[in-house]
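Here is a note for a colleague opening this entry for the first time. Please read the points below with the structure on screen.

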Amino acid sequence: MVLSTKAKQISTSLTLEITAKAKKMKADGIDVIGFGAGEPDFNTPKNIRDAAIRAINDGMTKYTAASGIIELKQSIINKLKQDNDLTYIPSQIIVSSGAKQCLANVFQAILNPGDEVLIGSPYWVSYPELVKLADGKPVYVETKEITKFKLTIENLNKSVTSKSKAIVLNSPNNPTGTVYSKEELIEIADFAKINNLIIISDEIYEKLIYANNPHISIASLSEDAYARTIVINGVSKAYAMTGWRIGYAAGSAEIVALMSNIQSHTTSNPNSIAQYASVEALTGDQGDMDKMIVQFKLRRDYMVERINTINNLSCIKPEGAFYVMVNISRVINKSVMGKVIKNSIDFSDILLEKEKVAVVPGIAFGADNYIRLSYATSMENIKNGLNRIANFVENI
């Protein structure tokens with residue numbers, strides 16, 4: 001029997017694989033420290049949990065409109081106006097089962113076979129696979145550590161072709177923590193206009209910024225940028241709601257209508273209880289989120305300082321999200337404990353085996369000279385884990 005060739009071409013998620021492996025080792029009684037998971041280690045705030053319980057007790061457990069309840073859509077509209085100076089109406093909003101489904105919907109809605117999508121490298125692991133599933137072609141735009149892994153007009157111009165249909169922008173960025181300035185976003189918006197590209201602006205880490213530069217949505221910069229941008233966001237990261245699976249998108253009513261139609265035939269509506277909880281997340285008390293951000297900043301500062309004291313490792317300070325890309329290029333092709341480190345997978349595998357520390361190999365993000373560490377874990381885990389990494393590297 002011949003199975004789907006398209007499905008066979010889709011890579012597995014190394015981030016989920018590493019996380020699952022670390023969890024299994026912990027379940028087996030092994031003292032593993034995991035830096036892989038891309039989710040806050042805090043519990044969902046109580047006011048949000050209470051809203052979910054009320055929704056259950058009030059019987060809000062039936063089907064909703066496939067694209068989401070009007071109460072949540074209006075809360076999203078108000079949030080986008082207040083935080084991002086963006087004006088939308090309900091027909092321009094779709095609520096999905098996580099931001100990942102929003103991305104899957106939009107690629108299916110805009111791409112035809114052979115259409116190219118520009119994706120900065122390093123990239124979040126699912127961008128290229130979602131493009132492939134929609135019959136598109138991911139085109140990787142290489143960025144450099146020296147420019148904080150940012151897309152530049154120079155490298156974009158080298159990558160754009162007559163088949164280019166869209167560009168993915170992720171700020172704050174996973175895996176690099178990069179945050180784009182207003183001036184940089186204006187250049188990208190102008191580039192998209194000149195080349196008639198749809199902008200997919202993934203802003204899921206919007207609230208997690210630790211420097212003085214505020215988050216700016218590229219859609220807010222001009223009428224043209226607004227018209228060609230699909231904003232992707234959700235409650236998973238900022239409100240510690242990864243398992244609730246609520247994401248949303250805002251943009252052209254024509255594209256959102258296609259996304260909604262696709263969703264109606266694939267998953268139908270996102271979880272009804274989680275939708276009502278998300279209304280509270282967007283409109284209720286924000287104090288728990290503010291406390292979480294303070295802790296993330298403390299962890300980031302410690303992690304960056306400690307990494308840069310370890311011989312042969314280095315990193316730049318991320319401005320947002322909760323990840324650090326660690327440069328391991330100086331240990332590639334060297335040996336440790338009788339094993340040669342040929343690439344980031346070798347580094348990660350041997351580290352897990354010898355020191356019981358789980359990290360994500362950079363090849364998962366298209367950057368084989370790096371590993372990614374998440375600081376969405378306790379300070380105790382960060383200190384112990386980095387001590388183990390230092391011990392590992394000292395034996396190389």
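In which sense do strand β7 and β8 pair, and over how many bridges? The first point takes this up; note throughout that the model is predicted.

1. Strands β7 and β8. Strand β7, residues 229–234, pairs with β8 in the antiparallel sense, and 4 bridges connect them. Within this pairing, Ile 232 is found opposite Ala 249 of β8. As background, strands of a sheet pair through backbone hydrogen bonds, either parallel or antiparallel.

2. Strands β8 and β2. β8 covers residues 247–250 and is also joined to β2 by 4 bridges, with the two strands running antiparallel.

3. Side chains of β2 and β8. In β2 (residues 93–96), Ile 93 and Val 95 point one way, while Ile 94 and Ser 96 point the other way; all are buried. In β8, Gly 247 and Ala 249 point one way and Tyr 248 and Ala 250 the other, and again all are buried.

4. The open sheet. Another 4 strands form an open sheet, ordered β9-β10-β15-β14 and paired antiparallel. Its edges are β9 (314–315) and β14 (360–361), each of which pairs on one side only. β14 is joined to strand β15, residues 370–374, by 2 bridges, and the two run antiparallel. Here Val 360 has Arg 372 of β15 as its bridge partner. Helix α12, residues 287–307, packs on this sheet and touches β9, β10 (323–327) and β15; the directions of α12 and β10 make an angle of about 5°.

5. The nonpolar cores. The largest nonpolar core has 104 residues, and those touching the most other members are Phe 107, Ile 200, Leu 373 and Ile 389. Helix α5 (residues 99–110) supplies the largest share of this core, with 8 residues. Leaving aside residues up to four places away in sequence, the contacts of Leu 373 include Phe 35, Met 303, Phe 322, Val 359 and Ile 389. A second, separate core holds 18 residues, among them Val 139, Leu 156, Leu 185 and Ala 225. In soluble globular proteins, nonpolar side chains tend to be buried together.

6. Helix α6. This helix spans residues 126–133 and is mostly covered, with 6 of its 8 residues buried. They are Ser 126, Tyr 127, Pro 128, Glu 129, Leu 130 and Val 131. Just after α6, Asp 135 adopts a positive phi of about 70°.

7. Helices α4 and α11. How do the axes of these two helices cross? Helix α4 (residues 70–84) and helix α11 (residues 272–283) have axes that come within 9 Å and cross at roughly 25°. α4 is therefore roughly parallel to α11. The crossing in which α4 passes α11 is left-handed. On the α4 side, the residues in contact are Glu 71, Leu 72, Ser 75, Ile 76 and Lys 79; on the α11 side they are Gln 275, Tyr 276, Ser 278, Val 279, Leu 282 and Thr 283.

Terms used
Residues are numbered from 1 along each chain as its sequence is written. This is a predicted model: local features need pLDDT of at least 70, side-chain atom pairs count only at pLDDT 80 or more; totals for chains, interfaces and linings use all residues. Side-chain values use heavy atoms; hydrogens and water are left out. A nonpolar core is a set of buried Ala, Val, Leu, Ile, Met, Phe, Trp, Tyr and Cys residues joined through side-chain atoms within 4.5 Å. Buried means under 20% relative accessible area, exposed over 50%, partly exposed in between (1.4 Å probe, protein chains only). Contact means heavy atoms within 4.5 Å. Two strands pair if DSSP finds at least two bridges between them. Axes are lines fitted to C-alpha atoms, for helices over the stretch in contact, and angles run from 0 to 180 degrees between N-to-C directions. Angles under 35 degrees count as roughly parallel, over 145 as roughly antiparallel, 65 to 115 as roughly perpendicular and the rest as oblique. A crossing is left-handed if the near helix is turned anticlockwise from the far one by less than a right angle, and right-handed if clockwise.
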